[in-house]
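The sequence and structure are shown first.

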Amino acid sequence: MNPEQLSDAMNELPQELLEETQAARSRRRPRWKPLAAAAACLLLAAGAWALAGRPAEPTPDPDLPVLTIDRDYGGMGDYRLSAEEFAAYDGGPWQEGMELAALPVFRNTTCMDVTNGFRTGGGDYAQLRRTMEQLAAAAGADVAQAAVEVRVPDETVQAAMEDAWAGETWQCGVTFAVRGGPTELALTWKDVTVTVGESGELWVKLFRPELAALTPDAAAAWLLEQYGAVFGEQTRYFMAAQDSGGYSLYFYRPEEDLTQGILQRSILKTWVRLSGGSCELRLYRPELSDANTVGDYPLVTVDQARQRLAAGQHLSAWDPFPGEDRVKRVDLQYLARQTDRYFMPYYVFWAECDDGEQGVCYRPYYVPAVADAYLSDQSPSPTGAA
């Protein structure tokens, strides 16, 4: 039956039947309205019950100690970046929008005693020497023929260091070789020098004329090819801190696991400074073992970190904070400063600033990522840098 035939059939129906059908339809009451109202009441009741039985904030874990933040902003390892450097900057695997509820915090077993500039933990010099010799061999040194020197500051140097700290300045006024603690080991073979101190920092100095003519990417490829044993699995790199004297490259090991990727990028990276044919590598290898793990700490969200930033609860060499509208990027990284008692995660807010003759630059502002309940003090300092 087509539509026209259906219409004709409907017209032939008795009028009384049509009127009865219409009346029956009018007597039907719509049932969705009372059902919707009942459902809304049930939802409200369930929500009130859930809110009544849920605490306002999660209960802090009593097994996690409260952490203290060193408010000195020095030694963060990341500095202001030019527009070119910022465009190529690798802030690590975490990006805004990724969910991460907790991250581990580690004890710094070689924390520097800021009262006199020396290490407090000491060092296992037998292990440090083995590590130094392995690194020197990887850099091409004949370890068996190399000279090893034990450098210890004399009383004059120690007094100068203590005076520098007392005056709250790093300008020591006395030239001395020791920079990794009260004792430093140094291995020298031809143009290769490897030093190691109590902090576990390893420094490699070498001179290769061929590096002077290479671009940063070509230099990175050359270093990985020639000194792959030094870098190991650290095959990813980025450039930073370029100036008239040279530039810096940071190498790190890529990881599929997000937490391990953040640790590799933040703490365990290798810094390389290139200036002409001169090359200096800094390897920092703090012990991030289970024995030195304080625990997994809950994190605040990025929005909560923004509130801390606006309140002045941040670490930065530049004050005041220029404002939320200047923030162009947020990273999640660890600080690995030698004066910190703990290695803990921070949100890094990169703010666009005008650096005068240098033009546009990007400055980092570090905000603790650990939840409030586990931080000893979050009040802003008088300068605005918490």
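In this predicted model, Lys190 is exposed, with a relative accessible area of 68%. Lys190 lies in the loop that joins β6 (184–189) to β7 (192–197). Although Lys190 is not a glycine, its phi is positive, at about 55 degrees. Most residues other than glycine have a negative phi.

**The sheet**

Five bridges join β5 and β6 in the antiparallel sense; Glu149 has Ala186 of β6 as its bridge partner.

**Helix α7**

Helix α7 spans residues 216–226, and its buried residues are Ala219, Ala220, Trp222 and Leu223. Seen down the axis of α7, these buried residues fall within an arc of 165 degrees and therefore line one face of the helix. Asp217 and Glu225 are exposed on the face turned away from the buried side of α7. The elements against which the buried residues of α7 pack are listed below.

| Element packed against α7 | Residue range |
|---|---|
| α8 | residues 228–231 |
| β9 | residues 236–243 |
| β10 | residues 246–252 |
| β11 | residues 270–275 |
| β12 | residues 278–284 |

**Nonpolar cores**

Which residues touch the most other members of the largest nonpolar core? They are Met344 and Tyr347, in a core of 57 residues. Strand β16 (residues 345–354) gives the most to this core, contributing seven residues. When neighbours within four places in sequence are left aside, Tyr347 is in contact with residues including Trp94, Val300, Val302, Ala305, Val330, Leu332, Tyr365, Tyr366, Val367 and Ala369. The contacts of Tyr347 also include Thr301 and Asp331. A second, separate core has 33 residues, among them Leu185, Leu202, Val204 and Cys279.

Conventions
Residues numbered from 1 in each chain as written. Predicted model: local features only at pLDDT ≥ 70, side-chain atom pairs only at ≥ 80, totals over all residues. Heavy atoms only, no water. Buried < 20%, exposed > 50% of the residue type's maximum accessible area, 1.4 Å probe, protein only. Helix = DSSP H or I, 4+ residues; strand = E, 2+ residues; numbered from the N terminus. Arc of directions from axis to C-beta. Contact = heavy atoms within 4.5 Å. Pairing = 2+ DSSP bridges. Core = buried A, V, L, I, M, F, W, Y, C linked by side-chain atoms within 4.5 Å.
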